[in-house]
Amino acid sequence: MAVRERLTLEPVPLEQVPEVTRFLTELGLGALRQDAITAFFGRNDSWAGVTDAGVPVFVKKTLGEADLVRLRVERTRAMSALLDGHQVINAPRFLGGDAESGLVAFTLLQDARSGADLASDDDFTWELARSAGLQIGTLHTLQAPPTVAQDTSPPPVPPLGRLSALPLSVYAAASGAELEAWAILHNDPAIVEAIGELARWERSAPRVPVHCDIRLDQFLHHDDTLYLTDWEEARAADAARDVGAFAGEWLYRGVLGMAGGDDTPNEREVVANGTRRFEALRPCVESFWSGYLQARPAARSDGELAARAAGFAGWHLIDRLIVAGHRRGRLSPLERAAAGVGRRLLLDPAAFTTILGLGDER
């Protein structure tokens, strides 16, 4: 099972969550050996290791409101059943889940590397990007399982209700950098309107099974095979969400990789030179898009798919800005500049499809 990128905060020690051991034991997997546990911190708490029965396990405790936790566990269960043994889409084996506690367990792919780590080391090859495209394109051709198809809850992003004002509870818990990110949105009516238009555009698009949380750290490379993980946000939605998020990941990395000598370029400089670093990364998006269209030829008949995907790539940069601000006092100049690039895409997505690597494939 993939582990998301490590954050700077301390993970929760397993001994503080005794229900994990009960959960694994009830599944017949045994308890994680105390001498070989790795704990991770992210949006959810997670642990990896080998049980005293010799089973490599990744276990995650999904956090949040009880109703949302139950939905996430049931989506994970349904998608894992759909993809178990699939010939194209590779997903770690689902070992069990409990909707009340929010716990899910998967076979641990030992010594695997996340797609984010691969990209940071320039090891995310075009071949891996094409495999990602083949898998996501294939996903978008499948029939969604009932649990996913009947789920009418809105995807968590973009959070349309927060584009004009934050709930008091969110405002009170936000860091200074998060408030900076929200202020960028709240003080820009044009971008708020563009995000709303993207949501309206999506509602008229074909609905297919969509991962809905694509990031490079959701991919895992193990024994020469690329795996796609974390299905808790899967929906029947617009395919452009997944395509745009993949392109947005590379664009975000391109923008953040363009720091000058003083690491403090202004937004005008970054926007003006925004494709320089991305030129080296764009072949990964092009390879992904080629694989995607091979797996899903019907996508060619959706003439606006690439434009909607460019819009979601723009949103992805804004979303990364908000995530980057977690528990920090200020946003960096590069992060603010990335938001400027995202704004350009959202305001005129059709103009950027070829630049992003989502041009026509004949």
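**View 1. Asp217 in the loop between S7 and S8.** Asp217 sits in the loop that links strand S7 (207-210) to strand S8 (219-222). Helices (H or I, at least four residues) and strands (E, at least two) are DSSP runs, numbered from the N terminus. The model is predicted: local features need pLDDT of at least 70, side-chain atom pairs count only at pLDDT 80 or more, and totals for chains, interfaces and linings use all residues. Residues are numbered from 1 along each chain as its sequence is written, and side-chain values use heavy atoms, with hydrogens and water left out. Asp217 is buried, at a relative accessible area of 4%. Buried means under 20% relative accessible area, exposed over 50%, and partly exposed in between (1.4 Å probe, protein chains only). The Asp217 side chain makes a polar contact with the side chain of Arg215 at 3.0 Å. A polar contact is a pair of N or O atoms within 3.5 Å; within protein, one must be able to donate a hydrogen and the other to accept it, and residues adjacent in sequence count only if both atoms are side-chain atoms.

**View 2. Thr229 in the loop between S9 and S10.** Thr229 belongs to the loop between strand S9 (225-228) and strand S10 (235-238). Its relative accessibility is 1%, so Thr229 counts as buried. The side chain of Thr229 reaches the backbone oxygen of Gln218 at 2.9 Å.

View 3. Most residues other than glycine have a negative phi, and most peptide bonds are trans. Asp223 has phi near 50 degrees, a positive value in a residue other than glycine. Asp223 lies in the loop between S8 and S9 and is exposed, with a relative accessible area of 64%. Asp224 also has a place in the loop between S8 and S9. Its phi is positive, about 65 degrees, although Asp224 is not a glycine. At 73% relative accessibility, Asp224 counts as exposed. In the loop between helix H5 (146-149) and helix H6 (168-173) lies Pro158. The peptide bond from Val157 to Pro158 is cis, with omega near -10 degrees.

View 4. Two strands pair if DSSP finds at least two bridges between them. Two bridges join S6 and S8 in the antiparallel sense. Ser114 has Leu220 of S8 as its bridge partner. Axes are lines fitted to C-alpha atoms, for helices over the stretch in contact, and angles run from 0 to 180 degrees between N-to-C directions. Contact means heavy atoms within 4.5 Å.

**View 5. The five-stranded sheet and its S2 strand.** The strand order of this open sheet is S1-S2-S3-S5-S4, with antiparallel pairing. Neighbouring strands are turned by 15 degrees against each other on average, direction ignored. S1 and S2 form a hairpin with four residues between them. Three bridges pair S1 with S2, and Ala39 has Trp47 of S2 as its bridge partner. Strand S2 (residues 45-50) and strand S3 (residues 56-61) run antiparallel and are joined by six bridges. Ser46 has Lys60 of S3 as its bridge partner, and Asp45 stands opposite Lys61 in S3. The hairpin of S2 and S3 has five residues between the strands, and in it Gly54 takes a positive phi near 85 degrees. Six of the six residues of S2 are buried, so S2 is largely enclosed by the rest of the structure. On one side these are Asp45, Trp47 and Gly49; on the other, Ser46, Ala48 and Val50.

**View 6. Helices H7 and H12.** The axes of helix H7 (residues 176-186) and helix H12 (residues 305-324) come within 7 Å and cross at roughly 150 degrees. H7 and H12 are therefore roughly antiparallel to each other (angles under 35 degrees count as roughly parallel, over 145 as roughly antiparallel, 65 to 115 as roughly perpendicular and the rest as oblique). H7 contributes Glu178, Ala181, Trp182, Ile184 and Leu185 to the contact, and H12 contributes Ile318, Leu321 and Ile322.
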